Amino acid sequence: MDFKGSDTIPGPRTEDQLPHTAEAAVKIVIVGGFGVGKTTMVGSVSEIRPLTTEETMTQAGIGVDDNFGSDSKTATTVAMDFGRISITDELVLYLFGTPGQERFWFLWNGLFEGALGAVVLIDTRRLEVSFDVIGRLEERGVPFVVAVNSFPDAPRYPVEDLRTALDLDPEIPIVECDVRRRASSRDVLMTLMRFLHSLAMSGALR
Ligand SMILES: Nc1nc2c(ncn2[C@@H]2O[C@H](COP(=O)(O)OP(=O)(O)OP(=O)(O)O)[C@@H](O)[C@H]2O)c(=O)[nH]1
Ligand SMILES: [Mg+2]
């Protein structure tokens, strides 16, 4: 029988390997309603080629897939997005993007397991699509920051108005971002890490 030599089995790609200096890895989830930019964020910030589970939205999805406000969107996440970013030489974040559509939410319990914190992405044209998400994080006690993904035609509101509309506690950071830009997405993650650090310092982290 003819066996192929083991050298034909591809090893991990160099850019997928963890830096040898990495000492701690934490899980972060990127959540938000349908089409707010979760997959775009994981893709822009990840240093490895992100894993996505996007499916084309078909005619069959019309009426089921609510694509208000994101007309150019042709695909939706059905399971999760996965990416990785090194914050320092020692600290690595594993990023898990959730599906936005309610019919895929049965996966959520598993996705939150072991998460240290979350980024809630919002689109100010459709604030209500992120209400449920915030409620779920609060129920599970997962600390989060809110990032406003600034689509060009989206209305801009003062931070305190957003805080009131989303019914957020005063200490929860709210920042603006453009998830298509790596630096901007990275800033959001840094805001989350600083928030988690302050919670840990005050003894509020469970
Ligand atoms: N103009 C603009 N378009 C954006 C921005 N972010 C995302 N998009 C576009 O908006 C659409 C939605 O982005 P996705 O990243 O698929 O959103 P999602 O939250 O992963 O969507 P679901 O998985 O379906 O819930 C895509 O067509 C993006 O190209 C942004 O900041 N500005
Ligand atoms: Mg997605």
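These legends describe close-up views of a predicted model.

**View 1. The shell around ligand 1.** Ligand 1 is surrounded by 19 residues. K38, T39, T40, T76 and N149 are the closest of them. Sorted by class, the shell holds nine polar, five charged and five nonpolar residues.

**View 2. Side-chain polar contacts to oxygen atoms of ligand 1.** The side chain of K38 places an N or O atom 2.7 Å from an oxygen atom of ligand 1. For N149, a polar side-chain atom lies 2.8 Å from a ligand 1 oxygen. For D178, the corresponding distance from a polar side-chain atom to an oxygen atom of ligand 1 is 3.2 Å. On its own, ligand 1 has 660 Å² of accessible area, and the protein covers 85% of this.

**View 3. Elements that line ligand 1.** Two elements, α1 (38-45) and β3 (75-77), each give two or more residues to the shell around ligand 1. Helix α1 supplies the largest share, three residues.

**View 4. The six-stranded sheet.** The sheet is open, and its strands follow the order β4-β5-β1-β6-β7-β8. Pairing is mixed. The edges are β4 (81-86) and β8 (174-177). Each edge strand has a single partner, so one of its sides is left without a neighbour in the sheet. On average, neighbouring strands of this sheet are turned by 25° against each other, direction ignored.

**View 5. The β4-β5 pair.** Strands β4 and β5 (residues 91-97) run antiparallel. Six bridges join them. I85 has L93 of β5 as its bridge partner.

**View 6. Helix α4 on the sheet.** Helix α4 spans residues 159-166 and packs on the sheet. The strands touched by α4 are β6 (115-122), β7 (144-149) and β8. The direction of α4 makes about 115° with that of β8.

Technical notes. Residues are numbered from 1 along each chain as its sequence is written. Chains are lettered from A and ligands numbered from 1 in the order in which they are written. This is a predicted model: local features need pLDDT of at least 70, side-chain atom pairs count only at pLDDT 80 or more; totals for chains, interfaces and linings use all residues. Side-chain values use heavy atoms; hydrogens and water are left out. A residue is near a molecule or strand if one of its heavy atoms lies within 4 Å of it. A polar contact is a pair of N or O atoms within 3.5 Å; within protein, one must be able to donate a hydrogen and the other to accept it, and residues adjacent in sequence count only if both atoms are side-chain atoms. Accessible areas come from the Shrake-Rupley method with a 1.4 Å probe; for residues, only the protein chains shown count as cover. Helices (H or I, at least four residues) and strands (E, at least two) are DSSP runs, numbered from the N terminus. Ala, Val, Leu, Ile, Met, Phe, Trp, Tyr, Cys and Pro count as nonpolar, Asp, Glu, Lys and Arg as charged, and the others, Gly among them, as polar. Two strands pair if DSSP finds at least two bridges between them. Axes are lines fitted to C-alpha atoms, for helices over the stretch in contact, and angles run from 0 to 180 degrees between N-to-C directions. Contact means heavy atoms within 4.5 Å.
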